[in-house]
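Let's take a look at one strand and a few aromatic rings. Have the sequence and the 3D view ready as you read.

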Amino acid sequence: MDWQQIFATRTARMKASEIRELLKLLDQPDIISFAGGIPDPALFPAAAFQDAFSQALSAETQDAALQYSVSEGYGPLRDWIVGEMGALGIPCSRDNILITSGSQQALDYLGKLMLSPGDTALVSWPTYLGALGAFNAYEPRYDRLDPQTNRGADDYARAAQPGRVKFAYMSVDFANPTGETLDAAMRDRMIDLADEMDIAIIEDAAYQSLRYDGAALAPVLAREIARKGDIDACRTLYCGSFSKTLAPGLRVGWICGASEVISQLVLMKQAADLHSSTINQMAIAQVAQTMFDSHVTRIRAAYVVRRDRMLAALSQHMPDGVSWTRPEGGMFIWLTLPSHLRSDDLLAQSLRSERVAFVPGHAFFADGSGTNTLRLSFSRADEASIDEGIARLGRLIAAGLADGD
Ligand code: PMP
């Protein structure tokens, strides 16, 4: 049977994720993997979750824990998030929060909410692969968001015709994949541009809590509230997640934004999956209430050592002509190779001869460019593996450069 002629046009751009394929390699014991940007399971607060789940299943709460619940999300969890948002300079109420099944679901819903086929989403070059994957189903066009240039609203609008620009998607702190952070002036410029174009801003804050050094910057939504006085007057939709701080397997994230948008998203959630797992939300609420700050302090202390080790190993082992980012947080370092080297060829060789995995960068570019870039994650490897893996990669790149001479 030819299923392709039955599938909807939206499936045409849904491709198997290179990252998912690569994650399968993590199971092979001799591979040093800098590929998946996932938390170190040794840092999961497993004992706290054991307590939280057994408490949720106690006689008083088990009926609620195992029952259907409201689409907006578990009230005490939304209250905790309201407090967290307040501490970030985002005063809001429960009505401004929707719990999602991970922030990945938030991206899917926001694409579904705003994109008609042919509309334009502004994204950075490169951008988070999972965001492109989520938006692709809604058949958008992409244009390059580059707040550093003076490209103006009219120019973006013209390029979007006959559709229109609907939103700018941005990962402002320690972005996946580059590890870079958007400075305060650029955040303000983004708000100006979005106001001028009358579009939404999707602020992906998946790594926001994982800052290792440098001063914290107010989120875009906080800056917009400071200007406009009230979250309900704002165009920024903040996507948060417990995946990088507590545990990705529980699939709990949230969207914080204007209540008018949240109400519409609640209807979307009802239609899609009714609500996120009740018991998982209860467990996350319990663990967040009792130990969020101390746990985040603990994981930051572990990850900063790995970041520093990887930066030191790169300085030691990378040949001239290779450059990389120096992230202040998160999980990623982004490498740029001399333009004639292809990182996908390098990966094939690396897996064959060096047994080191990373993600070729072009997958993160909406236009498929960036063939000489790659993403390294330092979150899961121990320090000895970081030294060894980067040394092997440096040798391989040096050999590739020598071949090209
Ligand atoms: N945004 C970014 C930038 C990410 O890197 C990820 C996960 N890799 C997500 C969103 C989705 O995370 P989750 O659904 O687990 O919250």
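## Strands and how they pair

Two strands pair if DSSP finds at least two bridges between them. Strands (E, at least two residues) and helices (H or I, at least four) are DSSP runs, numbered from the N terminus. This is a predicted model, where local features need pLDDT of at least 70, side-chain atom pairs count only at pLDDT 80 or more, and totals for chains, interfaces and linings use all residues. Residues are numbered from 1 along each chain as its sequence is written, and side-chain values use heavy atoms, leaving out hydrogens and water.

Strand E7 (residues 236–241) pairs with E8 in the antiparallel sense over four bridges, with Tyr238 opposite Cys256. Strand E2 (residues 97–100) also pairs antiparallel with E8 over four bridges, and there Thr100 has Gly253 as its bridge partner.

## Two faces of E8

In a regular strand, side chains alternate between the two faces of the sheet. In E8 (residues 253–256), Gly253 and Ile255 point one way, while Trp254 and Cys256 point the other. Are these residues buried or exposed? All are buried (under 20% relative accessible area; exposed is over 50%, partly exposed in between, using a 1.4 Å probe and protein chains only).

## An aromatic cluster

Trp254 turns up again in one aromatic cluster with Trp80, Phe242 and Phe292. Rings of Phe, Tyr and Trp (its six-membered ring) pair if their centres lie within 6.5 Å; planes under 30 degrees apart count as stacked, over 60 as edge-to-face and the rest as tilted.
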